[in-house]
Amino acid sequence: MRTGRRRRGSQSVREETITYFSGADRVVGTLYLPAAGGGPGPAVIQGPGWMGLRSAGLYRPYHQAFVDSGMAVLIIDYRGCGDSGGDPLSFSPLRQLEDLVNGVTYLTTRSEVDPDRIGVFGSGGTGGGNAVLLAASDPRVRCAVSQVPVADGRDWLRRMRRGYEWEEFLQRLEADRRSRVATGEGELAHPQEIMIPTPERRATNIKGDVDSRVPTLLPLSVAEEIISYQPIEVVGRIAPRPLLIVAVENDSVTPTDHAQALYDRAGAPKKLIIQRQTTHYAAYRRYGKTITPLMTDWFRTGLGVAPMRAVEATMDKQEQMHIQEVE
């Protein structure tokens, strides 16, 4: 275990590299702790989005804000990814959920964490969707924040392709299924053959610090798991624990109506924030200073830290024009 203390943003943060087990494989994570220490406090767990890693700089402003507010933060590399053990070819959303559930259990072993005040944060596609799945399946998770989530994996994959391409893709999956049954071997594919990147994703460098470290081959059968990936079917189980969903209007990467559908199906307390006049990746930077305090306050209230501040205190008038909140 590596421990350290460094200054990130407004205050010093204690940082540990931690490990725990999912099945027979080690999961590696980074645990950020408030420098002040003190008695057991709230904590937030996060798993990265599709083909993401815990070291991505994209996540750091959120972690800093949460820690500044007195919350511990644990972010993990899923099995088969980054520094964690396991076979990269065993990539699976179901295994990712298991890793998150085991991560919650790990947090309950830490003396710095109050086991009754654990929340989940997820960002980007399956990152946001996994936050919904974890909160729905694990009652120990008391509060959830899901940013630009996927609600329906089949619809997500279909929208990446034109009509005839979708039919061809389904035929390719069927041929692969038959091959696996007949020979025990299936097709390997580049991740971008499964998740077709949008023009914005191809152009952005927002994940450039980790893109070179993610697997370049996955079983094509991963697509079958994505097709079965349905956070929309379980989001109703989260209530009465609070759920905040953050979306981008006219999002071509994770469709806005996925976030809307999750919100509509969820029980109260809930809130939906839609960021306007931006794009999926641009929103992280454009609205970061606005959305991050709202997420922090959601956790502070949901995990019993402090009352929520007024929304107007976190944004200027121009930003207010481009943020829609639904409660």
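Student: Are E16 and R110 buried or exposed in this model?
Tutor: The model is predicted, so local features need pLDDT of at least 70 and side-chain atom pairs pLDDT 80 or more, while totals for chains, interfaces and linings use all residues. Residues are numbered from 1 along each chain as its sequence is written, and side-chain values use heavy atoms, without hydrogens or water. On the scale of relative accessible area (buried under 20%, exposed over 50%, partly exposed in between; 1.4 Å probe, protein chains only), E16 and R110 are both buried.

Student: Which parts of the chain does the pair E16 and R110 tie together, and how many residues apart are they?
Tutor: E16 forms a salt bridge (a Lys or Arg side-chain nitrogen within 4 Å of an Asp or Glu carboxyl oxygen) with R110, the closest N and O atoms being 2.9 Å apart. Helices (H or I, at least four residues) and strands (E, at least two) are DSSP runs numbered from the N terminus. Because E16 lies in strand β2 (residues 11–22) and R110 in the loop between α2 (93–108) and β6, the pair links parts separated in sequence by 94 residues.

Student: Which strands are joined by the salt bridge between R142 and D116?
Tutor: The side chains of R142 and D116 meet with an N to O distance of 3.6 Å. R142 is partly exposed at 32% relative accessible area, and D116 is partly exposed at 47%. The pair ties together parts that are 26 residues apart in sequence, because its two residues lie in strands β7 (residues 141–149) and β6.

Student: Which residues make up the salt-bridge network that includes E174 and R177?
Tutor: E174 and R177 both lie in helix α5 (residues 163–183), three residues apart, about one turn of the helix. Their side chains meet in a salt bridge of 2.1 Å, N to O. E174 is partly exposed, with a relative accessible area of 30%, and R177 is partly exposed at 32%. Through shared partners, salt bridges join into one network E174, D176, R177, R178, R180 and E224.

Student: Which element gives the most to the lining of the largest pocket?
Tutor: A pocket is an open set of points on a 1 Å grid where a 1.4 Å probe fits, with protein on both sides within 12 Å along at least five of seven lines; lining residues have an atom within 4 Å of a point. The largest pocket is lined by 33 residues, with W50, M195, P197, R201 and Y281 nearest its centre. At least two lining residues come from each of β6 (113–125), α4 (153–159), α6 (191–194) and α7 (199–203). With three residues, the element that gives the most is β6.
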